[in-house]
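Dear colleague,

I am handing over the structure below, and my notes on it follow. Please read them with the coordinates open.

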Amino acid sequence: MYILSNWDTTSGVRSLPRRLLGNDLSEGKKLFPPRLVPHLDHPLVADLDSAQRDRLLVRSLYQYLEFTIHIETSLVNSATIRIAKESLPMTVSDATRLDALKIYTDEAYHALFSMDLIHQIEGATKSPRVGYAASDARAYDRGRQYAAEPLLLDYPILAELVQAVIMETAITSILSDIPNDDSIATVVRAVIADHARDEKVHHAFFSHIFRELWATLSQHQRALVGRAVPQMMLAILGPRRTELSSCLRSVGITPDQTREVIADIYTDQHAKAQVRRIGRAAIALFVRVGMLNDRGVAEGFHEAGLT
């Protein structure tokens, strides 16, 4: 079965034009939604002047785009190429392998248009990219690898696939609201809409892969996966505090003030609510395959605030 049977005529890389920054900035449109930057309302940030707050939104966009580049090339495509090359603990069809290569192409294109947009915004705003530093990427990767530790020792490929499934079934929720927001620059809305359009199909593909994979696992492996998933979801989809700290410091917030803002806004409760919201499709998938039928697994999801 080819899930991406219409890819040649519907994928962004095949059918859509390059997105260009027009007159949006002169018309007063924002580059990133303030509602997605909760620390803007913290007193230490609210006291910034309008130019600093605008720079904070620009740098929030940069970090979102840099994170997209990192996650697509380092997490998703690492798993996708395993599927394409049949480096899996299960057999896949030639149709699935071909679909995986189409997704591999899509994800590389998403990284490309994200970098392209960063360069356009830098040129127009003269606001230098503080961006997704190597240290930010390492901190994020350390967090998700630590969460996957129960699987990594004996089942590293399984750990990688499950992480990709979590991201690819959640990303449509992350992207859902921005394309319809008229207050946001048209080019940003268009790039995110293009991404979301492809990801709807990727969601279907990775959901199918996970259902097939789950059917091949032993009870022992299922229990290991189920017990690891809640912490993996929190690490993959939760607030990326190292990046947020870099962003705040880039507009003149002191290190002590930055720690205060992060501690006040990005609490454990906030993290759990965020992951529960944007990870709802992944959680629904795990429920459908019976992952939470194991009492210990169900308790782990509950303790993590995901159910």
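A charge is taken to sit over a ring if NZ of Lys or CZ of Arg is within 6 Å of the ring centre and within 35 degrees of the ring normal. In this structure, which is a predicted model, Arg240 lies over the face of Phe67, at 3.5 Å from the ring centre. Phe67 itself belongs to helix 4, where helices (H or I, at least four residues) and strands (E, at least two) are DSSP runs numbered from the N terminus. With a relative accessible area of 8%, Phe67 is buried, a word that stands for under 20% relative accessible area, with exposed meaning over 50% and partly exposed in between (1.4 Å probe, protein chains only).

As to conventions, because the model is predicted, local features need pLDDT of at least 70 and side-chain atom pairs count only at pLDDT 80 or more, whereas totals for chains, interfaces and linings use all residues. Residues are numbered from 1 along each chain as its sequence is written, and side-chain values use heavy atoms, with hydrogens and water left out.

Turning to the interior, a nonpolar core is a set of buried Ala, Val, Leu, Ile, Met, Phe, Trp, Tyr and Cys residues joined through side-chain atoms within 4.5 Å. The largest such core has 94 residues, of which Met233, Phe286 and Met291 touch the most other members. Helix 4 (residues 50–84) supplies the largest share of this core, namely 15 residues. If neighbours within four places in sequence are left aside, the residues in contact with Met233 (heavy atoms within 4.5 Å) include Ile166, Val275, Ile283, Phe286 and Leu306.

The whole structure holds 6 aromatic pairs, where rings of Phe, Tyr and Trp (its six-membered ring) pair if their centres lie within 6.5 Å, and planes under 30 degrees apart count as stacked, over 60 as edge-to-face and the rest as tilted. The ring centres of Phe205 and Phe206 are 5.4 Å apart and their planes are at 85°, so this pair is edge-to-face. Phe210 and Phe286 also form an edge-to-face pair, at 5.2 Å centre to centre and 65° between the planes. That pair links distant parts of the chain, since Phe210 is in helix 9 (residues 186–216) and Phe286 in helix 14 (residues 280–288), 76 residues apart.

By contrast, Asp177, in the loop between helix 8 (156–175) and helix 9, counts as partly exposed at 49% relative accessibility.

With best wishes
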